[in-house]
Amino acid sequence: MKNILVTGGLGFIGSHTVLSLHEAGFNPIILDNLSNTNIGVLDGLEKLMGKRPVFFLGDVNDPAVYGEIVSKTGSIAAVIHFAAFKAVGESVQQPLKYYRNNVGGLISLLEAMKKEGIANVVFSSSCTVYGEPDAVPVSESSPVKPAASPYGATKQMGETILQDCADIHTQCLRYFNPIGAHPSGLIGELPLGVPSNLIPYLTQSVAGLRPPLTVHGGDYPTPDGTCIRDYIHVCDLAEAHLAALNRLLDGSQNGRFEVFNIGTGHGNSVLEVLQAFQAVTGMVPAYEIGPRRAGDVVAVWADASKATNQLGWKAKRGLSEMLRDAWNWQQKQA
Ligand code: WQD
C-alpha cells in the first residue's frame, strides 16, 4: 500500500481527497496544523474509512516534521500539497500572511522532498492564476495574467517554483470553485470564523447562524450583474487528484510539469446559485446586494477538456447536487 502525504489533509478538499485515496487502496498520511479546520474531521473520516487515518499535527513550514513522518511511516510515494490559505478577500487585507504560508510552506516542503528523495507532487493551484481573463472559458494555455489578489499571486509563484525544480515531477491542478460535501454529511467545508466563501456563508446564514448574505456587487458586466464562477463538487475535485496521482505514479505524464484545469466547464452567477439553492432545498436565502469585493474577477470558468482527454477525468456532479450536499452537511452540524 503506497504512502501518500497529504498536507492540509484535514481541510475541505484535503479531507475529501484522503477518503478517495483510501477508497483507491492508497495509505493517506495527513499533515495539518489545524489553522483552518478542526480535529473533529478525523472522526468523520474514521467513520467513512472504517479506520482512523494516520495524522501528524504540524506545519508545512517546519522542516523537522517531514523527517519525523518518514521515520514513522516509511517511504512516501508522492505528496498532495493542499496546505495553504485560500481566501481571496483576506489575502488582499493580509498579503504577508499569504506569502509566508503559501510560498514559504511550499519551499519548505520541496526542500524536505529533496532531502527525503520524494519526487512526485500534486499541487493545489487555482483558476485565480488567470487573473481577469480576456476570454472565457479559460484553457491551460490562456495567459497567466497579473493576479487580482495576493492569493492568486502565491499560486502563480508556486507554479513557477515547481517548474524550476528539475528533480520534482508535478501535476498542477488549477481548481475553480470547490463547493458541496460528501453525500454522507460526515465531512464537508468547515471554515473557522466567518466564512469568506459564498457557499459556507450561504448555508450558515440560511441555517440562521449568520446575518443575511451580502452579494458582493450587483453591477458587474454580466447578465444579472453578479460575478460568474465555475462551481465544482468537492468529490469531483477529489477524484481529479486521484487521476493526477496515478498519472504521476504510472509515469504516463508528459514532461516534469503538467497543468490541468479542474472545473465543470460551466459558469453560474451568484444570483443563479441562490436560485438553484432555493430550488433544491426549498429554503429562500435572504440576501442584499452590497459593494464589490476587492480581488474579485468578473467571470471565470474552465475549458476542462485537457483533463478529460489526458487525465481521463470529467466532473460528474451538477450544481443542484453540489448545493443539496452542501445543505445536507450544514444541517448535520451541531
Ligand atoms: C465566489 C463569488 C464573490 C461570499 C474561491 C476560493 C479560491 C479559489 C477560487 C481554489 C464571488 C461572491 C462570496 C459572499 C458573495 N479556489 N460572494 N458574498 O473568491 O471565487 O475564490 O475559488 O483555489 O481559493 O476562495 O470564491 O466563494 O469567495 O466567491 O457575493 O459572502 O461569490 O464575490 O463573486 P472565489 P468565493
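Q: Which of the 21 residues around the ligand come nearest?
A: In this predicted model, the nearest of the 21 residues around the ligand are Y151, L198, R229, R293 and D296.

Q: And R229: how far is an N or O atom in its side chain from an oxygen atom of the ligand?
A: The distance from that R229 side-chain atom to the ligand oxygen is 2.8 Å. An N or O atom in the side chain of N197 lies 2.9 Å from an oxygen atom of the ligand.

Q: How much of the ligand's accessible area does the protein cover?
A: On its own the ligand has 690 Å² of accessible area, and the protein covers 95% of that.

Q: How do the shell residues divide into nonpolar, polar and charged?
A: Ten residues of the shell are nonpolar, seven are polar and four are charged.

Q: Changing topic to helix α2, which of its residues are buried?
A: Helix α2 spans residues 40-49, and its buried residues are V41, L42, G44, L45 and M49. Seen down the axis of α2, these buried residues fall within an arc of 160°, so they line one face of the helix.

Q: What do the buried residues of α2 pack against?
A: They pack against helix α1 (12-23) and the strands β2 (27-32) and β3 (54-57).

Q: Which residue just after α2 takes a positive phi?
A: That residue is G50, with a phi of about 80°. L34 also has a positive phi, of about 60°, although L34 is not a glycine. L34 sits in the loop between β2 and α2.

Q: Is L34 buried, exposed or partly exposed?
A: L34 is partly exposed, its relative accessible area being 25%.

Q: Where is the cis peptide bond that has an omega of about 0°?
A: The cis bond joins V136 and P137. P137 belongs to the loop between β5 and α6 (150-164).

Q: Next, H16: where is its place, and is it buried or exposed?
A: H16 is part of helix α1. Its relative accessibility is 2%, and H16 therefore counts as buried.

Q: What does H16 touch, not counting residues up to four places away in sequence?
A: With those excluded, H16 touches A181, H182, I187, G188, V234, C235 and A238.

Q: What about I168: buried or exposed?
A: I168 counts as buried, at 3% relative accessibility. Its place is in the loop between α6 and β6 (169-175). Leaving aside neighbours within four places in sequence, I168 is in contact with L110, M113, I118, A119, V121, L162 and R256.

Q: How many Å apart in space are I168 and F257, C-alpha to C-alpha?
A: The two C-alpha atoms are 8.2 Å apart, while I168 and F257 are 89 residues apart in sequence.

Q: Finally, Q275: which helix is it in, and is it buried or exposed?
A: Q275 lies in helix α9 (residues 270-281). At 54% relative accessibility Q275 counts as exposed, because the cut-off for exposed is over 50%.

Q: And how far apart are Q275 and V41?
A: From C-alpha to C-alpha, Q275 and V41 are 30 Å apart in space, and 234 residues separate them in sequence.

Definitions and conventions:
Residues numbered from 1 in each chain as written. Predicted model: local features only at pLDDT ≥ 70, side-chain atom pairs only at ≥ 80, totals over all residues. Heavy atoms only, no water. Near = heavy atom within 4 Å. Polar contact = N/O pair within 3.5 Å; in protein donor to acceptor, adjacent residues only side chain to side chain. Areas by Shrake-Rupley, 256 points an atom, 1.4 Å probe, with all protein chains shown as cover. Nonpolar A, V, L, I, M, F, W, Y, C, P; charged D, E, K, R; others polar. Buried < 20%, exposed > 50% of the residue type's maximum accessible area, 1.4 Å probe, protein only. Helix = DSSP H or I, 4+ residues; strand = E, 2+ residues; numbered from the N terminus. Arc of directions from axis to C-beta. Contact = heavy atoms within 4.5 Å.
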